[in-house]
Amino acid sequence: IGQITSTSVLIAWGTTSGTGSVNTIGHDSASMGHARVKVGEQTSETERNWIEVKDLKPDMTYPYEVQVNNQKIGEGSVRTYPERATRLAFFVIGDFGTGDANQRAIAGAMRQEFLKRVQTDNPVRFVLTMGDNIYADTNLGYIVVRSGDQDRDWETKFFQPYAELLRQIPFYPSLGNHDGNSSENRGDLSVYLDNFFFPENRPARWYRFSFGGLADFFALDSTTNSTGKHPEPIFQAGGDESNWLARVLAESKAPWKIPYFHHPPFNAGPGHGASYNVLRHWVEMFQQDGVKVVFNGHEHNFQFSEDDDATGRLRYVISGAGGELRSGNVMGNMGKAHRSEEHTSELQSLRH
């Protein structure tokens, strides 16, 4: 399930057999053949490896089936979003794409929680990712192996662990430094943009989506990933992303405005510093425009900030142990980590 609205669903399929320039899954992947997709009583056909089915009813569960070249390749069920909502449950995971037992264990726990809620009036509706969606098997700086720049890299690190969730709910991703040439291969970025589906069905490094008039979500890119030879900070004040953010935050009338991105402005460690100084212009926007909570990753543990004067009365949550978990007790640093004078100002901290 690539995307859901109150009246539509985007369903995608493919394989992860692609190598080199061969694209076998995602928005621009090579066609597997003529597809017939049935959602409820509605049947649609396409030559692409995805289809958007419209004219559905809000907050309804629809069975679906996908046939390619007259053979059934998949089935599942999908629940549309309500037009107006008073509650919302969703998953938040960051730093997860390892392909190891830790990632699979957390994915299994997510699956169980999803199944427990699926028939209730408050099901899990989607997954937010805090970046580092896929890690390289080997990263020696000058040698980076299976980092996500090939479709085949995604099998054990994304599509397999979350297979049951992906059949029913979308993932709304954000970029981490390991999703491009901030830390790994620049080819990772283009495959990320192809393999995920984004609101309005347009690949995007930053974007927004809404849920039932209750919450507006703002996925942001705090990385230095680029499609060029050298990493570049895309998040700077006065840039396209920050200008967009200022506009859409001010426009939003939702009771909950929820930004999410990889690098935490407030962080007690132990592995990384805070990004407060380089992202201070975002922090100030959040304070001015009624944001109540911000989600981040990058640090491989779970933390949440004080909601005091230093944080602008916002709660900053780090959920960076979706596959990686860094040992070390950070409780001694928690009290001081929210104070701005403790924050590192080095851009290099965003590249680790």
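## Helix H5

Helix H5 spans residues 240–251, 12 residues in total. From first C-alpha to last, H5 reaches 17 Å, close to the 16 Å expected at 1.5 Å a residue. The model is predicted.

Which residues of H5 are buried? They are Glu241, Ser242, Trp244, Leu245, Val248 and Leu249. These residues lie on the same side of H5, because they cover an arc of only 155 degrees around the axis.

## Tyrosine 162

Tyrosine 162 sits in the loop between helix H2 (154–159) and helix H3 (163–166). Is this residue buried or exposed? Tyrosine 162 has 1% relative accessibility, so it counts as buried.

Beyond neighbours within four places in sequence, tyrosine 162 contacts Ile93, Phe96, Gln103, Ala107, Met110, Lys157, Phe171 and Gly322. With glutamine 103 there is a polar contact, side chain to side chain, at 3.1 Å. Alanine 107 is 55 residues away in sequence, yet its C-alpha is 6.1 Å from that of tyrosine 162.

## A three-strand sheet

Three strands form an open sheet in the order E1-E2-E5, with antiparallel pairing. Strand E1 (3–4) and strand E5 (50–53) are the edge strands, and each pairs on one side only.

Strand E2 covers residues 9–12. E2 and E5 pair over four bridges, in the antiparallel sense. Leucine 10 has glutamate 52 in E5 as its bridge partner.

Methods:
Residues are numbered from 1 along each chain as its sequence is written. This is a predicted model: local features need pLDDT of at least 70, side-chain atom pairs count only at pLDDT 80 or more; totals for chains, interfaces and linings use all residues. Side-chain values use heavy atoms; hydrogens and water are left out. Helices (H or I, at least four residues) and strands (E, at least two) are DSSP runs, numbered from the N terminus. Buried means under 20% relative accessible area, exposed over 50%, partly exposed in between (1.4 Å probe, protein chains only). Contact means heavy atoms within 4.5 Å. A polar contact is a pair of N or O atoms within 3.5 Å; within protein, one must be able to donate a hydrogen and the other to accept it, and residues adjacent in sequence count only if both atoms are side-chain atoms. The expected span of a helix is 1.5 Å times one less than its number of residues. The arc is that of the directions from the helix axis to the C-beta atoms. Two strands pair if DSSP finds at least two bridges between them.
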